[in-house]
Amino acid sequence: MDAAVRRIAIAAEALDPDNTERVRVLADVLDEYAPILANDTDARRNIGNATSPSIWPTLSHLWNLTSAAHTDPDPDDEPRLLSLCVSLARFTRNLVACEPSNQQRAFVNERAIRSLIYHYTSFNATQNPNSFPATRMLSQTLSNIITGNDALSQTLWSTYVNLPEEQLVLTRLFASPDARTVTSAFVLVLNCVHESTERAELLTRSPRGPRICLTMLDRIAALFEAEEASEEGRAFDIGYEVFERLVETGLVPDLYIRLSVEGEVVTPHQTTLLKLVDSYLFASQHAYEAALPRRPGAAGGSLFDVLTNAFLELSSYTQQSIQRAIASDGSSPAEPQQAEANPNVPPTFGASLGDISPLQNLDLLLPKVCEALVLVTQCLTTVALRAEEAVAARQGGESAQSQFVQASPKDVLVTAAASTGQGFVESLIETLRLVDAFVPRITYGRLVKRPPPPGSADTDTLAQEKPTAAAPDAGGARTPAEAAQDARTAQAFAHVKRDLVRLLGVLASENRAVQDRVRVCGGIPVVMNLCVVDDYNPYLREHAIFALRNLLFGNAESQAVVDAIKPVGKWDEQKVLRDLRGGEA
């Protein structure tokens, strides 16, 4: 391979970046050997170890010369310089692959490579798709230089997460419109944090680590709907692996807190992070092992602690927002009305909630808050169920090595309370009650107007009402525009009721204290009202029935509450809702 090195050295010595022909000659030589290096380990080793002459002084000369040529170049020079950069990066990338000694000697060119990445990720450069091969090749070169080399990975990563804000090349790579460049950037980050808790920690604790996480989350959010087999889908998968590593190392609690913004209950970046955490926990049979341990020095406790606190904050915000909507509609917030006939019957609520025009008074942040609430609820449910499965497997002697669950997630949730003193169970019930009353219920594509509870002031007859988007209400027949508005409102709160009542069913299972607390706070009628079909809460009826079963099992007092509740309406064979309070079918 000495002859190959001599050819490259001769072409490098003759290189003049301003001379198109000489650039072409060098690029042709580098491109000739690049595929050989990619496919032949011996060729990489032989060229790397050649001494007559050595390839490394030549490569350093080329990188420095190429970097200098890109300093304020004339626009007419860009195609020529782009060709030089791509060929040099491709050759270097292939030369260092899986060769520690080559990686070490090539690392001295990192600064020149970084400056070129900075150049090709400028706004003007990213507007030209012809520049994308350069950003891809340069980032792949950095990846190959540090892959499998712990010392170099540590040096590069420590540098990159401490760069000044304006020099963060990683954030610029993630902002590229080219999906393959984004993939290469995710690979670079993954190679740095792979099998190194210390380097992973820098993403949450270094000066620029959280900023890099913000950029990665932005990009991942834009890739959620990508086709799995596409380049965008591949970029998403690798980005997911990066955050999977953060979950496994217990760094998500710190990151979630660092992503917060004062005055906001949840941020878009926190929501994206919750989506990734939810996906990880759902796919893992040992989700509780990642969620329950408390990392030493972590500000927010365990992942489960952070999720629990997030649930209480999000549910509290949801309750307050809906109550404000009620007040702004001219109604006073609904207060419990204690049934007089039977002391076992829990408080019921007036019809004022059902008379709200949701979209007119809707807090514009509320749908996003509820989206995060759904994700948090799903995470808590998954951890609680996985922990119970682990206990069942251990008690059944399935495996002698089954890990003992140190803390019960259900116990943590049942004993949790918001800063206002509202307990977790009570917060869950109140949120369910308000959301169910506030959000239009769409069944089989039709708006269902629900009858008011017994004893309310609403005396409107239901005999002529149908479960349709055009059903008459207090303001007359609903127009198609109003019906569409109802559907949009319901869609904005999709899955909230389903996932909340599902979590309630998990908590109430074989737990007398939860059963009693739900009864005392008037939760049983709330759950009974959810035993219905709801287009935007799939399987709501099934989860509500299961929750009701767990709330009543072995609890005579709660069963008496159900016995005392009488139906106020019934669907007839023509799917007309008939009022039963007057004795009519």
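1. **Ground rules.** This is a predicted model, in which local features need pLDDT of at least 70, side-chain atom pairs count only at pLDDT 80 or more, and totals for chains, interfaces and linings use all residues. Residues are numbered from 1 along each chain as its sequence is written, and side-chain values use heavy atoms, with hydrogens and water left out.

2. **Overall make-up.** The chain holds 28 helices and eight strands. Both are DSSP runs numbered from the N terminus: helices are H or I with at least four residues, strands are E with at least two. The chain has 585 residues, and 52% of them count as buried. Buried means under 20% relative accessible area, exposed means over 50%, and partly exposed lies in between (1.4 Å probe, protein chains only).

3. **Surface and contacts.** The accessible surface of the chain is about 26,400 Å², and carbon and sulfur atoms hold 51% of that. Areas come from the Shrake-Rupley method with a 1.4 Å probe; for residues, only the protein chains shown count as cover. A contact means heavy atoms within 4.5 Å. Among contacts with a separation of 6 or more, 74% join residues 24 or more positions apart.

4. **The core.** The largest nonpolar core has 158 residues. Such a core is a set of buried Ala, Val, Leu, Ile, Met, Phe, Trp, Tyr and Cys residues joined through side-chain atoms within 4.5 Å. M216, F243, F311 and F424 have the most contacts inside this core. Helix α20 (residues 366–395) gives the most to this core, with 13 residues. Look at F424: beyond four places in sequence, its contacts include F311, L312, L380 and L503.

5. **T381.** This residue is found in helix α20. T381 is buried, at 1% relative accessible area. A polar atom of its side chain lies 2.8 Å from the backbone oxygen of T377. Leaving out residues up to four places away in sequence, T381 touches R502, L503 and V506.

6. **N537.** Find N537 in the loop between α26 (523–528) and α27 (540–552). Is N537 buried or exposed? N537 is buried, with 3% relative accessible area. Its side chain reaches the backbone nitrogen of V496 at 3.4 Å. Not counting residues up to four places away in sequence, N537 touches A494, H495, V496, K497 and R498.

7. **Aromatic pairs.** Rings of Phe, Tyr and Trp (its six-membered ring) pair if their centres lie within 6.5 Å; planes under 30 degrees apart count as stacked, over 60 as edge-to-face and the rest as tilted. The count by this rule is four aromatic pairs. F174 and F186 have ring centres 4.6 Å apart and planes at 50°, so they are tilted. F174 is in helix α11 (residues 169–174) and F186 in helix α12 (residues 179–193), 12 residues apart. F174 is buried at 1%, and F186 is buried at 0%.

8. **Charges over rings.** The rule asks for NZ of Lys or CZ of Arg within 6 Å of the ring centre and within 35 degrees of the ring normal. R549 lies over the face of F553, 4.5 Å from the ring centre. The charged end of R324 sits over the ring of Y317, at 6.0 Å from its centre.

Notes:
Polar contact = N/O pair within 3.5 Å; in protein donor to acceptor, adjacent residues only side chain to side chain.
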